[in-house]
Amino acid sequence: LMNERAHNGDSAKKPKGFGPIAHAVRTWRESGSTDPVKRDLLMQLWSEAEVIRLTALRADTTRKAGVPGPEGSVLKLAIGILPQRIMDFCVGIKGADGMLISTYEFHQPDVMAEDRMGDGTEKIDVVKAFLNARSNTIGGGTTEMQRNTIGERVLGLPPEPKVDRDRPWNETNRG
């Protein structure tokens with residue numbers, strides 16, 4: 001599973017400025033905002049994206065050496081959460097326009113398609129990307145499952161108590 005999780009970070013190994021953060025930079029530039037608080041938030045998101053990119057490169061190196069480390073688990077968690085925060089930032093920058101969607105036809109935006117720093121090939125609908133980013137924390141194991149995995153297998157914390165382990169589902173307390 002560690003190899004699989006490390007492979008999940010492959011999308012984060014793009015060159016600096018690619019991926020979801022490029023959409024945030026483009027949205028910031030298009031907005032013409034000079035708000036220092038929003039600029040600081042953009043820089044914080046940029047820093048986090050860079051940490052994830054460098055972690056993905058490290059995970060790839062250790063995986064190729066035949067020793068997958070805990071970076072894969074951390075990456076799986078991080079690449080699910082950060083795009084949500086980035087797209088939330090983009091929608092917030094757009095203000096009231098952030099509540100508008102371009103069309104109602106089904107189209108899953110590819111947040112990795114845009115060129116470096118948002119100055120190139122494909123502009124995505126950040127509102128649709130905002131809605132789609134939620135799926136990253138469900139597919140391949142939920143965020144909560146990933147946190148449990150990191151806690152138990154990486155940090156060595158005790159597992160959560162399983163008081164209903166020997167009970168059939170229809171007899172468990174779901175109140």
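Trainee: In what order do the elements of the chain run from the N terminus on?

Mentor: They go α-α-α-α-α-α, and the total is 6 helices and 0 strands. Helices here are DSSP runs of H or I with at least four residues, strands are E runs of at least two, and numbering starts at the N terminus. Keep in mind that this is a predicted model, where local features need pLDDT of at least 70, side-chain atom pairs count only at pLDDT 80 or more, and totals for chains, interfaces and linings use all residues. Residues are numbered from 1 along each chain as its sequence is written, and side-chain values use heavy atoms, with hydrogens and water left out.

Trainee: What makes α4 roughly antiparallel to α6?

Mentor: Helix α4 (residues 71-93) and helix α6 (residues 143-154) pack at about 150 degrees, with axes 9 Å apart. Angles over 145 degrees count as roughly antiparallel (under 35 is roughly parallel, 65 to 115 roughly perpendicular, the rest oblique), so α4 is roughly antiparallel to α6. The axes are lines fitted to C-alpha atoms over the stretch in contact, and angles run from 0 to 180 degrees between N-to-C directions.

Trainee: Which residues meet where α4 and α6 pack?

Mentor: From α4 you get Ser73, Val74, Lys76, Leu77 and Ile81, and they meet Thr143, Gln146, Arg147, Thr149 and Ile150 of α6. Contact means heavy atoms within 4.5 Å.

Trainee: Why is Thr27 called buried?

Mentor: Its relative accessibility is 5%, and buried means under 20% relative accessible area (exposed is over 50%, partly exposed in between, with a 1.4 Å probe and protein chains only). So Thr27 counts as buried. Thr27 sits in helix α2 and, not counting residues up to four places away in sequence, touches Cys90, Ile93, Lys94 and Val126.

Trainee: And why does Glu152 count as partly exposed?

Mentor: Glu152 comes in at 31% relative accessibility, so partly exposed is the label. Glu152 is in helix α6, and its contacts, leaving aside neighbours within four places in sequence, are Leu157, Pro158, Pro159 and Glu160.

Trainee: What makes something a nonpolar core, and which residues have the most contacts inside the largest one?

Mentor: A nonpolar core is a set of buried Ala, Val, Leu, Ile, Met, Phe, Trp, Tyr and Cys residues joined through side-chain atoms within 4.5 Å. The largest has 27 residues, and Ile21, Ala24, Leu42, Ile86, Met87 and Phe89 have the most contacts inside it. Helix α4 gives the most to this core, with 10 residues.
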